[in-house]
Amino acid sequence: MAALLIPRRNRGMRTRLGCLSHKSDSYNDFTAILPDKPNRALNLQFVCLFLSFRRLSTEEATRWADSFDVLLSHKYGLAAFRAFLKTEFSEENLEFWLACEDFKKTRSATKLASKAQRIFEEFIDVQAPREVNIDFQTRELTRRNMQEPSLSCFDQAQGKVHSLMEKDSYPRFLRSKIYTDLLSQTQRRLS
């Protein structure tokens, strides 16, 4: 009944707060990992993220430092990296890479062209809403590939974005407070 009284715009907040009420850990246990700037919605996302990592072992989290691909292949690693990229306002790189991975699984020829167009307009086109940082030659090659979309039409752009994240964002993630605090939390849980 109370849910009916909450205005529609506040239901998202209720959902985020709901994840806290279902966990035994308190909000105060995670204050160290929250961003310095007061952003309640982002803070709640971080709390929910780290509360969901309760089953993560220290060994799993430590393996993320072995390679960028190990990090991307682990669901919690991917979630932690996404949270880190959000703090740097560069999550479009990961979102593009994931969209390309999903695109490569497309089996329907009719869906292939529409998916390719959507990815191009969202991430590659100049002034795209979530434009990724790629060089002019890669952008133009991808534009030409769009004339006859195939499962490999984004390969070069995806490779450039993967390389950028691996060389730039990934090392910063490994040094970030998000990752080091996550490791500390998993180790403390074992004590």
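The model is a predicted one, in which local features need pLDDT of at least 70, side-chain atom pairs count only at pLDDT 80 or more, and totals for chains, interfaces and linings use all residues. Residues are numbered from 1 along each chain as its sequence is written, and side-chain values use heavy atoms, with hydrogens and water left out.

The secondary structure of the protein chain comes to 11 helices and 0 strands. Here helices (H or I, at least four residues) and strands (E, at least two) are DSSP runs, numbered from the N terminus. Of the 191 residues in the chain, 38% are buried. Buried means under 20% relative accessible area, exposed means over 50%, and partly exposed lies in between, with a 1.4 Å probe and protein chains only. The chain exposes about 11400 Å², and carbon and sulfur atoms supply 52% of that area; accessible areas come from the Shrake-Rupley method with a 1.4 Å probe, and for residues only the protein chains shown count as cover. Contacts, meaning heavy atoms within 4.5 Å, can also be sorted by how far apart they lie along the sequence. Among those in the protein chain between residues at least 6 apart in sequence, 61% join residues at least 24 apart.

The inside of the fold comes next. A nonpolar core is a set of buried Ala, Val, Leu, Ile, Met, Phe, Trp, Tyr and Cys residues joined through side-chain atoms within 4.5 Å. The largest such core has 38 residues, and those with the most contacts inside it are Trp 64, Phe 81, Phe 96, Ile 124, Phe 154 and Phe 173. At least two residues of this core come from each of helices H5 (68-73), H6 (75-87), H7 (91-103), H8 (109-124), H10 (155-175) and H11 (177-190).

Gln 158, in helix H10, is buried, with a relative accessible area of 4%. Not counting residues up to four places away in sequence, Gln 158 touches Phe 96, Trp 97, Cys 100, Glu 101 and Lys 104. The side chain of Gln 158 also reaches the backbone oxygen of Trp 97 at 3.2 Å. Thr 186 is found in helix H11 and counts as buried because its relative accessibility is 1%. A polar atom of the Thr 186 side chain lies 2.8 Å from the backbone oxygen of Leu 183. Beyond residues up to four places away in sequence, Thr 186 touches Leu 56, Ser 57 and Thr 58.

Two packed helices are described by the angle between their axes and the distance between the axes. Helices H9 and H10 pack at an angle of about 150°, with their axes 8 Å apart. Axes are lines fitted to C-alpha atoms, for helices over the stretch in contact, and angles run from 0 to 180 degrees between N-to-C directions. In this pair, Thr 138, Leu 141 and Thr 142 of H9 meet Gln 156, Ala 157 and Lys 160 of H10.

Gln 147 lies in the loop between helix H9 (136-145) and H10, and is exposed, with a relative accessible area of 66%. Phe 89, in the loop between H6 and H7, has a positive phi of about 55° although it is not a glycine. Phe 89 counts as exposed because its relative accessibility is 69%. Gln 127, in the loop between H8 and H9, likewise has a positive phi, of about 65°, although it is not a glycine. Gln 127 is exposed, with a relative accessible area of 68%.

Arg 130 also has its place in the loop between H8 and H9, and counts as partly exposed at 33% relative accessibility. Leaving aside neighbours within four places in sequence, Arg 130 is in contact with Glu 92, Glu 95, Glu 122 and Phe 123. The side chain of Arg 130 makes a polar contact with the side chain of Glu 122 (2.9 Å). A polar contact is a pair of N or O atoms within 3.5 Å; within protein, one must be able to donate a hydrogen and the other to accept it, and residues adjacent in sequence count only if both atoms are side-chain atoms.
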